[in-house]
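I am opening a notebook page on this structure and will write down what I look up, step by step.

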Amino acid sequence: MSTVDWTGWRRQVGEPAPEGLRERKKRLTRQRLSDTATEMFLDHGFDGVRVAEIAQACGVSEKTVFNYFPTKESLILDLDEATMTALRTGLAIPGRCPVDAVLRVLSDELHGMTSWIAAQDDSGQAAAMIRRFRELIRSTPSLRAYHRDMTDRLIGVAAEALAKRTGMSPDDPEPQIAATALIGLWPIQFRSLGKHLKVVRAPEQVHKAVTADVRRAAELIEAGLASFKALGEPSTPLPATHSEPETGLPTR
């Protein structure tokens, strides 16, 4: 079965890990399963395709599919460990602005995606397939729920990294709200990509337009995190009265 390399854009996130023959074989099998499932879901709908049919199309057993992907949803919405690692590493760097760290990961992902579009024989058709992919997620309840779970995992990673920099607990309000805001840049990028792909544009134009949208959102987050920038420095708590709060978000 001829498939599109849907995982191509993910390879741009972070440095590629060295791999031997066994690791390469496993990666290619995983890629084939995900790519095949994605095409079948786009053609027949998520609920219209059984895992057994995906396994048959790839010439493997259904058990093999679940050895690589724990759920049917993860076949199409697999949270790449490279993204998790890049986020965790970027936010852990002392002195680096959290917004800058997240923008770096998002930029790598966007570059991978627009490069993938440019590498296809028909970039217009490739863009249309990404729009269909986005619509499939939006219109399928189980995929929307799984996507929310992925978002929660990313928030957890970000909150833990920020908490380590501040000496707080990941469950404290400050790292939680900061992490939630930072991870909110992912749907901004995804929606912006869908918006700009509706217009016939060269991949580099799409990249520039989406980057501009994400940076606009990031500027608001950076301003909101201004009082959290000291990361670890003591701060003044909110007063226990109903008086007007001071400008900015108070830190611990």
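This is a predicted model: local features need pLDDT of at least 70, side-chain atom pairs count only at pLDDT 80 or more; totals for chains, interfaces and linings use all residues.

**Entry on α4.** As for the helix itself, α4 takes in residues 81–92, and its 12 residues reach 16 Å from the first C-alpha to the last, close to the 16 Å expected at 1.5 Å a residue.

**Entry on the whole chain.** I went back to the overall picture and found 10 helices and zero strands. Of the 252 residues in the chain, 41% count as buried, and the accessible surface comes to about 14,300 Å², with 53% of it belonging to carbon and sulfur atoms. I also looked up how far apart in sequence the contacts reach: among those between residues at least 6 apart, 70% join residues at least 24 apart.

**Entry on the nonpolar cores.** Which residues touch the most other members of the largest nonpolar core? I found L87, L91, V102, L182, L185 and L193, in a core of 39 residues. Two or more residues come from each of α4, α5, α6, α7, α8, α9 and α10, and α5 gives the largest share, at 10 residues. For L193 I looked up the contacts beyond its neighbours within four places in sequence, which are with L110, M113, I130, V206 and V210. There is also a second, separate core of 22 residues, and M40, F41, L75 and M150 are among them.

**Entry on the salt bridges.** How many salt bridges does a search of the whole structure find? The search finds seven, and I followed up some of them individually.

In one of them the side chains of D43 and R132 meet at 3.6 Å, N to O. D43 lies in helix α1 (residues 21–44) and R132 in helix α6 (residues 123–139), so the pair ties together parts that are 89 residues apart in sequence. D43 is exposed, with a relative accessible area of 52%, whereas R132 is partly exposed at 37%.

Another is formed by D213 and K195, whose closest N and O atoms are 3.1 Å apart. Since D213 belongs to helix α10 (residues 203–224) and K195 to helix α9, this pair ties together parts that are 18 residues apart in sequence. D213 counts as buried at 17% relative accessibility, while K195 is partly exposed at 44%. I also recorded that K195, D213 and R216 are linked in a network of salt bridges.

Lastly, I looked up R50 and E53, whose side chains meet in a salt bridge at 3.9 Å, N to O. R50 counts as exposed at 52% relative accessibility, and E53 is partly exposed, with a relative accessible area of 29%.

Technical notes: Residues are numbered from 1 along each chain as its sequence is written. Side-chain values use heavy atoms; hydrogens and water are left out. Helices (H or I, at least four residues) and strands (E, at least two) are DSSP runs, numbered from the N terminus. Buried means under 20% relative accessible area, exposed over 50%, partly exposed in between (1.4 Å probe, protein chains only). Contact means heavy atoms within 4.5 Å. Accessible areas come from the Shrake-Rupley method with a 1.4 Å probe; for residues, only the protein chains shown count as cover. The expected span of a helix is 1.5 Å times one less than its number of residues. A salt bridge is a side-chain nitrogen of Lys or Arg within 4 Å of a carboxyl oxygen of Asp or Glu. A nonpolar core is a set of buried Ala, Val, Leu, Ile, Met, Phe, Trp, Tyr and Cys residues joined through side-chain atoms within 4.5 Å.
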